[in-house]
Amino acid sequence: MKLFAAPHSPDEIPADLATLVRLGTVLSVDLAKARCVIRYGDPDSEDIAETPPIRWLTARAGKTRVWSPPSVNEQVLLLCPDGQIGAAVALLGIVQDAFPPLGDSEAEAIEWSDGAKITYDPQAHALTAILPANATAMIEATGGITLRGDVTIEGDLAVQGAAQVDETLTATEDVVADGISLIGHTHGGVQSGASDTDPPS
């Protein structure tokens with residue numbers, strides 16, 4: 001069993017090992033081609049250059065795929081096989097002043113450019129999703145959706161389909177069925193008096 005790979009020949013080792021890994025900043029992003037151009041080098045000197053359009057490293061790119069393109073001015077690490085800048089791949093995720101840390105606790109979060117944010121706090125056991133004004137959300141599951149636990153809805157609810165309630169349905173205001181008010185409707189052909197009507201059959 002071979003425990004160690006054979007040493008590289010001198011011709012296979014870049015003359016300058018610093019060319020294998022470089023720091024850079026995203027200059028532009030081509031979303032259609034999934035490529036980005038990176039500016040690298042010393043910004044305080046003339047020793048600064050740009051890559052050709054190169055790929056960026058994503059979390060998954062097989063049967064499971066993740067799409068999260070880099071942002072302009074995001075700092076990256078350039079991984080350059082054999083020191084070849086044209087074959088470089090941009091490694092995303094370096095915190096910098098332009099894009100400071102998103103939090104300062106154990107709570108994990110994802111935030112988007114419009115302010116939408118999803119957070120999970122393992123200490124509070126709380127999952128929070130906050131969208132900006134007028135944003136929408138949709139879950140499509142033709143096989144059905146199951147919610148376990150109490151549900152509070154702050155806002156109007158529209159149901160396009162039949163509704164079944166297995167326990168008591170309580171309304172603090174009126175219930176209207178086909179334009180008829182539950183608390184405001186009247187019955188004709190009934191003589192007023194002290195007697196109660198029969199229960200519904």
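What share of the 201 residues in the protein is buried? Buried residues make up 11% of them, where buried means under 20% relative accessible area, exposed means over 50%, and partly exposed lies in between (1.4 Å probe, protein chains only). Before we go on, note that this is a predicted model, in which local features need pLDDT of at least 70 and side-chain atom pairs count only at pLDDT 80 or more, while totals for chains, interfaces and linings use all residues. Residues are numbered from 1 along each chain as its sequence is written, and side-chain values use heavy atoms, with hydrogens and water left out.

Let's start with the overall build. The protein has 11 strands and 0 helices; both are DSSP runs numbered from the N terminus, with at least two residues (E) for a strand and at least four (H or I) for a helix.

Now to the sheet. Six strands make an open sheet with mixed pairing, in the order β3-β2-β1-β5-β6-β4. The edges belong to β3 (48-50) and β4 (55-56), each with a single partner strand, so one side of each is left without a neighbour in the sheet. Two strands count as paired if DSSP finds at least two bridges between them. In general, strands of a sheet pair through backbone hydrogen bonds, either parallel or antiparallel.

Strand β1 (residues 21-30) pairs with β2 in the antiparallel sense over 6 bridges, and serine 28 has valine 37 in β2 as its bridge partner. The hairpin of these two strands has 4 residues between them, and there alanine 34 takes a positive phi near 55 degrees. Next, β2 (residues 35-41) pairs with β3, again antiparallel, over 3 bridges. That hairpin has 6 residues between its strands. Across it, arginine 39 has glutamate 50 as its bridge partner, and tyrosine 40 stands opposite alanine 49.

What about the cysteines? Cysteine 36 counts as buried at 1% relative accessibility, and cysteine 80 is buried too, at 3%. The structure holds 0 disulfides, a disulfide being a pair of cysteine sulfur atoms within 2.5 Å.

Leucine 157 sits in the loop between β9 (126-130) and β10 (176-177), and at 62% relative accessibility leucine 157 counts as exposed.
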